[in-house]
Amino acid sequence: NLSVTENEKEINHNKRNKFVINSKFKFQTSTNIRKYLTNNNDSWIDYSKTYLKIGVGEDAIYRLRKSDLTNNGIDPNSIDPRTFKFYLKGKELPIYVSGENDGVFDNSDFIEFVGIKNYGDKDYREPANYNEPYNEFMSIYSDTSSYFLTWDGEFGKRIDTLLNYSSTPVDTLDYYDKFLHFEENHWYDFSLSGGEVRRQNPNIYENETWEWWVQGVGTRNFSFNVTNLKTGLPAKAYLKIQSWASNISSDAHNLAIKINSNPTPVDSTFINKYQVITLQGEFNSDDLINGSNKLKLISYATQSNPNSCFGDWWEIEYPRQLITNNDSLLFGYINLNQPKFAVVKVSGLASNDYSLYKLIDNQPVTKVTNYFLSNGALTFNDSVQNGTTYILTKNEKIKSPKFYYKKNFINLRSQSNSAEY
């Protein structure tokens, strides 16, 4: 149960709501989850087979049971569960199928997978190139990812279920890099170079996006909450902003971001008219406190009058102790100074029945089953690097996805399906 309390998550990208995500699971959105490649042809579709469309609007572990198939008009008794195949954006993903070895999908059997929301551009922190769409944190169309389940024919891909190491680690990791993303979409606007014709073009260009706030000359404070802080380690801040109103072209705005009472900016720079930039920098977690903290955005006076900017979003990464209060946790690493072979230790657990998954860039998902539970702590040995993400969930809190419908795809490339117009 990745609750708002534990993961500080409030999502509704298509409304004017704030959302804060602890993740790409969104843990570093430019990392593993956003690496899924899209297959732009139909080679993954077997037009003779039936598919079940499934929706996922939250980063979590999901299960499908026999009754889910029956409720959607599918006869599970005619299916060899070893042939289940699972697709996202045209790519088959490995899944875990409990009880499949006997070739029968029984009442106690289930399909288990890690579902991820429909995030946007993997380089969302970077300004887009000229004439290219604005790089978005979330998809501009929907925050829900659509998966397709099918069966019959060849056996499907399955995930590994063990982390195998022959040696014993020396280091212990008892913290992770907490990721917070804050964004509100209040109005759609932009400041775009190239003249009025280009500004009126219906294509989405490099500065066009939903905006949150207007920043004039002065200071704006953004509050965020920190829990179980791990001191003495790197933390980072990011803020994406663009020029809106100025009467000079160069050095139109002078911006800086600071943390709490530290007078030294995390980052500062001038930006030009029409420019989009992400202020970003590292600071020591000693500058933070458990409880309420502030990210400060300062816009200094320049030769420009007017002098205004649009703000899109801001982010904080800080080291947090590996403690959970509700038997579930999404955690990972993005600020390690080097890879580590370590004992990963999660504290604060009150049950003995968990599912644990590991995700890492360009590698298959692993269901970790060789962990140890003792005195409310879960430990496992692993080789950890930046981009490594884990999701731990109490089994009784594993979610069920949204089921849309079963369907047979129609081959619109076939000459037999042509139409006159």
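## Burial and overall form

Buried means under 20% relative accessible area, exposed over 50%, and partly exposed in between, with a 1.4 Å probe and protein chains only. By that rule, 52% of the 421 residues of the protein chain are buried. This is a predicted model: local features need pLDDT of at least 70, side-chain atom pairs count only at pLDDT 80 or more, and totals for chains, interfaces and linings use all residues. Residues are numbered from 1 along each chain as its sequence is written, and side-chain values use heavy atoms, leaving out hydrogens and water.

The protein chain holds 3 helices and 27 strands (DSSP runs: H or I of at least four residues for helices, E of at least two for strands, numbered from the N terminus). Its C-alpha trace spans about 75 × 70 × 35 Å along the principal axes.

## Surface and charge

Side chains split into 45 positive and 49 negative (Lys and Arg against Asp and Glu; His and chain ends not counted). The centres of the two sets lie 2 Å apart, with charges placed at NZ of Lys, CZ of Arg, CG of Asp or CD of Glu.

## Ser355

Ser355 sits in strand β22, residues 354–359. Ser355 counts as buried because its relative accessibility is 2%.

Its side chain makes polar contacts with the side chains of Lys367 (3.3 Å) and Asn395 (2.6 Å). A polar contact is a pair of N or O atoms within 3.5 Å; within protein, one must be able to donate a hydrogen and the other to accept it, and residues adjacent in sequence count only if both atoms are side-chain atoms. Residues touching Ser355 (heavy atoms within 4.5 Å) include Ile61, Arg63, Glu112 and Ile398, not counting residues up to four places away in sequence.
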